[in-house]
Amino acid sequence: MTELPPTGPSGILPYQALLALIEQGAVRAANPYSFDQLQPASLDLRLGGQAWRVRASFLPGCGRTVAERMGDVSMHRLDLTAGAVLERGCVYIAELQERLDLPVQVSGRANPKSSTGRVDVFVRLLTDGGQAFDDVAAGYSGPLYLEIAPQTFSVLVRTGTRLNQLRLKRGLTAALAVKSVGVDLTQGLAGYRGRRHAGVIDLDLEDGHFPQEFWEPLEARPNRHGIGELLLDPGEFYILASKEAVEIPPDQAAEMTPIDPSVGEFRVHYAGFFDPGFGTEEALGAGSRAVLEVRSHETPFLLEDGQTVARLVYEPLTERPSRLYGFQGSHYQNQGLKLSKHFKAWS
């Protein structure tokens with residue numbers, strides 16, 4: 001098992017600590033790492049060589065491996081080395097290239113990458129013996145797998161495609177702050193709704209798809225009080241933006257979490273992790289908004305401008321990262337309402 005000093009501050013591990021763990025073998029892969037896999041407080045994970053179409057989502061449970069459970073649900077295998085289309089409405093399990101051998105005091109949590117959430121691809125990390133999605137137990141040693149469930153669009157992936165990211169945490173931490181996030185529905189362009197029966201999105205192709213073929217622009221309409229509103233239709237997927245600018249201090253990270261279901265019948269933000277430096281003046285991102293991935297549930301729901309739709313939970317890092325968000329360029333620093341990096345500018 002990888003060595004790490006037994007004492008030290010609790011918190012999310014920053015860039016330099018992640019790099020050290022990779023060098024020590026706590027995170028390893030058959031293929032060499034790419035420099036841009038490492039973010040200020042997270043690590044991009046890569047698809048391996050194969051995936052399986054499964055008939056149901058599952059958790060392996062205590063004492064059982066993902067490979068063992070696959071025998072119960074697997075329908076057929078896909079070779080990802082040459083690329084494969086994952087159909088919307090289907091569920092897949094893919095092996096990841098990275099494996100973990102974590103120190104006993106280090107645990108992990110995964111999230112979809114921003115670009116993954118913005119095309120309505122639902123992904124969750126699986127570990128052997130795991131009893132919860134996206135959580136990695138302290139001291140975990142073993143392989144990693146990814147459940148992939150495209151919801152609105154079918155997608156093309158291949159070996160090396162990055163759909164989720166992992167952050168590692170030392171010890172237990174309490175939230176530093178919890179802030180409400182409202183939705184911006186001022187008049188004019190308020191968001192986009194995914195088009196059903198659109199084409200395939202190549203998740204490794206940046207700036208390569210015409211947005212008009214996949215999205216319908218939406219305008220908020222003022223109600224009788226002059227406040228902008230937008231009606232969410234059941235089962236539809238929307239891209240909206242936060243009312244407030246979001247700023248993540250350099251020594252903190254944040255996760256956007258759903259609000260209590262009693263507040264509204266919708267889910268917000270599949271890709272909920274914000275690296276340190278997002279939206280800060282220091283990282284040239286002042287004024288950045290959070291893009292909200294919204295899916296309504298069984299009933300129509302009327303959203304109002306400024307309505308709280310999510311919470312932003314701030315957590316400490318063990319130390320300031322040596323690099324802040326956007327240090328190697330970012331598609332989403334300084335963003336307002338914005339589609340994923342896969343799409344050309346709207347014209």
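This is a predicted model: local features need pLDDT of at least 70, side-chain atom pairs count only at pLDDT 80 or more; totals for chains, interfaces and linings use all residues.

Reader: Which strand is Thr-127 found in?

Author: Thr-127 belongs to strand S8, residues 121–127.

Reader: And is Thr-127 buried or exposed?

Author: Buried: the relative accessible area of Thr-127 is 4%, and the cut-off for buried is under 20%.

Reader: Changing topic. What is the order of strands in the open sheet of four?

Author: The order runs S13-S24-S19-S21, and the pairing is antiparallel.

Reader: Which are the edge strands there?

Author: Strand S13 (177–182) and strand S21 (273–274), each of which pairs on one side only.

Reader: How many bridges between S13 and S24?

Author: Six, in the antiparallel sense, with strand S24 covering residues 308–316. Val-181 has Ala-310 of S24 as its bridge partner.

Reader: Now S23. What does strand S17 do with S23?

Author: Strand S17 (residues 228–232) pairs with S23 over four bridges, in the antiparallel sense. Within that, Leu-231 has Leu-302 of S23 as its bridge partner.

Reader: Which residues of S23 are on the covered face, and which on the uncovered one?

Author: In strand S23 (residues 301–304), Phe-301 and Leu-303 make up the covered face, while Leu-302 and Glu-304 make up the uncovered one.

Key
Residues are numbered from 1 along each chain as its sequence is written. Side-chain values use heavy atoms; hydrogens and water are left out. Two strands pair if DSSP finds at least two bridges between them. Helices (H or I, at least four residues) and strands (E, at least two) are DSSP runs, numbered from the N terminus. Buried means under 20% relative accessible area, exposed over 50%, partly exposed in between (1.4 Å probe, protein chains only).
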